[in-house]
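Here is a short tour of a predicted model. Have a look at the fold, then read on for the sheet, the cores and the overall picture.

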Amino acid sequence: QWRSALLLSPGPLPAGGRQAPFSTTCVRCSKNRRLRQKRAISERKLTRYFVDHRRVHVVGGQGGAGGHSFHSEPRKVFGGPDGGNGGDGGHVILKADRQMKSLSSVLPFYQGFNGERGGRKNCYGANGAYVYVKVPVGTLVKEDGEVVADLTRHGEEYVAAYGGAGGKGNHFFLSNENRAPTLFTPGEPGQERVLHLELKTTAHAGLVGFPNAGKSSLLRAISNAKPAVAAYPFTTLNPHVGVVCYQDYEQVAVADIPGLIKGAHQNRGLGMAFLRHIERCRFLLYVVDLSASQPWIQLQDLKYELEQYKKGLSERPCVVIGNKIDLAESRLNLPLLREQIDERVIALSALTGDNLEELFLHLRELYDAYVKTEQSQGQSPVKW
């Protein structure tokens, strides 16, 4: 009784004189409904979890054998053959899922389920169940060095290995010449392939710059992504994708590509292992360190590396971000940088948050231009 009185007590009247609604739970017994924050993973541990290459051996399920039986019931001695066909083997299907961020959960071997054997009374065997393998969006499927599939959309599927067809029962071979066939066929084996999966990060914008230019700090400032930040080069060892949200519920994905160095197209440093992640980006954000001497040389070297890796990659829509404007040297180099290059320069500080609003506005302009171009060509733009 005292507990029910505690739960249903109206409590003191509010200032307006109205009685407060009855409470359905006790304050002391109520659960904490706040969302738990995702546990932060260090860059060293994330390196073990992030996998962008995987060799997969896939085998389709074997078809079930055909049935071998003859119909038998009272007063019907010669009932004839009634063995049903076997079920088909299950396929192995690759399915793109935006929740997957790495190929680390993909196993090296998959096999579809086998079909069941055909039964009596012309009953067909059950088909084998399909095996679905979830892969990240942006996974490239190769066989013998040739691209056979490119999974760039959420929910897109590719049949990696077809299951074998089921065998024929002895009822299938019934004819006027052979009224009591005893022949039946076994199920066919499933397709067997060796595929190479390669992940290319799919994002709208890509942060490109040399080590210690402030790419990770900038991504932390404009999104909820938490890449590692430290005062030494090559802090970021894996691509990180952050989402910038706008008031009209549009979301722009920005990828933090690990730092490049001179000769990256020749596989120096992190090299070509992460240059391929820039291929998926629709527009580029060049991040240069304004505190360094002659920052325009950084932009020239970055464009050269991109052009040497893939022709036309450096000609995509872009903007130059001059980071570390809070330093005295950066204020002196900013007018010199604008004189040397033709691209638009946005000077900001990822550490203090100065002038981030200009970046948000121009980032949305680039995104809107990309959406308009895709729709004019009859294609659907990538949405997050």
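Five strands build an open sheet with mixed pairing, in the order S3-S1-S8-S5-S6. Strands here are DSSP runs (E, at least two residues), helices are H or I runs of at least four, and both are numbered from the N terminus; two strands pair if DSSP finds at least two bridges between them. This is a predicted model: local features need pLDDT of at least 70, side-chain atom pairs count only at pLDDT 80 or more, and totals for chains, interfaces and linings use all residues. Residues are numbered from 1 along each chain as its sequence is written, and side-chain values use heavy atoms, leaving out hydrogens and water.

- Strand S3 (109-111) and strand S6 (146-151) are the edges, each pairing on one side only.
- S1 (residues 53-59) and S8 (residues 192-199) run antiparallel, joined over seven bridges.
- Within that pair, Val-58 has Arg-193 of S8 as its bridge partner.

**Nonpolar cores**
- A nonpolar core is a set of buried Ala, Val, Leu, Ile, Met, Phe, Trp, Tyr and Cys residues joined through side-chain atoms within 4.5 Å, where buried means under 20% relative accessible area (1.4 Å probe, protein chains only).
- The largest core holds 27 residues, and Leu-218, Val-254, Phe-283, Leu-285 and Leu-363 have the most contacts inside it.
- H7 gives this core its largest share, seven residues.
- A second, separate core of 26 residues includes Ala-253 and Cys-318.

**Whole chain**
- The protein chain has seven helices and 14 strands.
- Of its 384 residues, 43% are buried.

Notes
Buried means under 20% relative accessible area, exposed over 50%, partly exposed in between (1.4 Å probe, protein chains only).
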